[in-house]
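These are my notebook entries on a single chain. I set out to look up its covalent link, its aromatic pairs and its charged side chains.

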Amino acid sequence: QVQLVESGGGLVQAGGSLRLSCAASGGTFSSTVMGWFRQAPGKDREFVAAITWRLNNIRYTDSVKGRSTISRDNAKNMLYLQMNSLKSEDTAVYYCAARRGGYSGAIPVRGNEYDYWGQGTQVTVSS
């Protein structure tokens, strides 16, 4: 059974930084996309960033582009999201997700295109 476990969330002041981590276990991810989604109170879950296995394709949502960096360590089955210049609107529960198979075209950005999910980690940015 594939498991994804996020860590690294917390309370940070606006303008600060956080690094989220996601540890994957119970399966292989050689042909997957891994990504981050977030859900703020009262809002739908939204795509944040994703990265392919071969690290040759990365996609960010416009609101975090330039402030965040997604990376993965395939040898360790780890996914990371470095977030800088945090804003109050970044406050949300952040979820790690993994897609089991390949894809065609652009990196998937819809939640239903991912097969495995973590339990989430809370990020709160105080203004």
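How many disulfides does a search of the whole structure find? I ran the search and it finds 1 disulfide, the term standing for a pair of cysteine sulfur atoms within 2.5 Å.

Basis of the entries. I worked on a predicted model, in which local features need pLDDT of at least 70 and side-chain atom pairs count only at pLDDT 80 or more, while totals for chains, interfaces and linings use all residues. Residues are numbered from 1 along each chain as its sequence is written, and side-chain values use heavy atoms, with hydrogens and water left out.

Entry 1, the disulfide. I found that C22 is joined to C96, with an S to S distance of 2.0 Å. The pair links distant parts of the chain, since C22 is in strand β3 (residues 18–25) and C96 in strand β9, 74 residues apart. I read a torsion of about -75° about the S-S bond of C22 and C96, so the disulfide is left-handed. I also looked up the accessibility and noted that C22 and C96 are both buried. Buried means under 20% relative accessible area, exposed over 50%, and partly exposed in between, with a 1.4 Å probe and protein chains only.

I counted rings of Phe, Tyr and Trp (its six-membered ring) as paired if their centres lie within 6.5 Å; planes under 30 degrees apart are stacked, over 60 edge-to-face, and the rest tilted. For F37 and F47 the ring centres are 5.6 Å apart and the planes stand at 80°, so I recorded the pair as edge-to-face. F37 lies in strand β4 (residues 33–39) and F47 in strand β5 (residues 46–52), so this pair ties together parts 10 residues apart in sequence. I noted both F37 and F47 as buried.

I then turned to F37 and Y114, whose ring centres are 5.2 Å apart with planes at 75°, so this pair is edge-to-face. Y114 lies in the loop between β9 and β10 and F37 in strand β4, so the pair ties together parts 77 residues apart in sequence. The relative accessibility of F37 is 1%, and Y114 is buried with a relative accessible area of 4%. Ring pairs link F37, F47, Y114 and W117 into a cluster.

I required NZ of Lys or CZ of Arg within 6 Å of the ring centre and within 35 degrees of the ring normal. R45 lies over the face of W117, 4.1 Å from the ring centre. R19 lies over the face of Y80, at 4.0 Å from the ring centre.

I took a side-chain nitrogen of Lys or Arg within 4 Å of a carboxyl oxygen of Asp or Glu as the criterion, and the count came to 6 salt bridges. One of them joins R38 and D90 at 3.0 Å, N to O. R38 lies in strand β4 and D90 in the loop between β8 (78–83) and β9, so the pair ties together parts 52 residues apart in sequence. R38 is buried with a relative accessible area of 5%, and D90 counts as buried at 2% relative accessibility. I traced a network of salt bridges that links R38, E46, R67 and D90.

K65 forms a salt bridge with D62, the closest N and O atoms being 3.1 Å apart. Here K65 counts as partly exposed at 49% relative accessibility, and D62 as exposed at 62%.

I also noted a salt bridge between the side chains of D115 and R100 (3.6 Å, N to O). D115 and R100 are each in the loop between β9 and β10, 15 residues apart. D115 counts as partly exposed at 36% relative accessibility.

R99 lies in the loop between β9 (92–98) and β10 (116–117).

How values were computed
Helix = DSSP H or I, 4+ residues; strand = E, 2+ residues; numbered from the N terminus.
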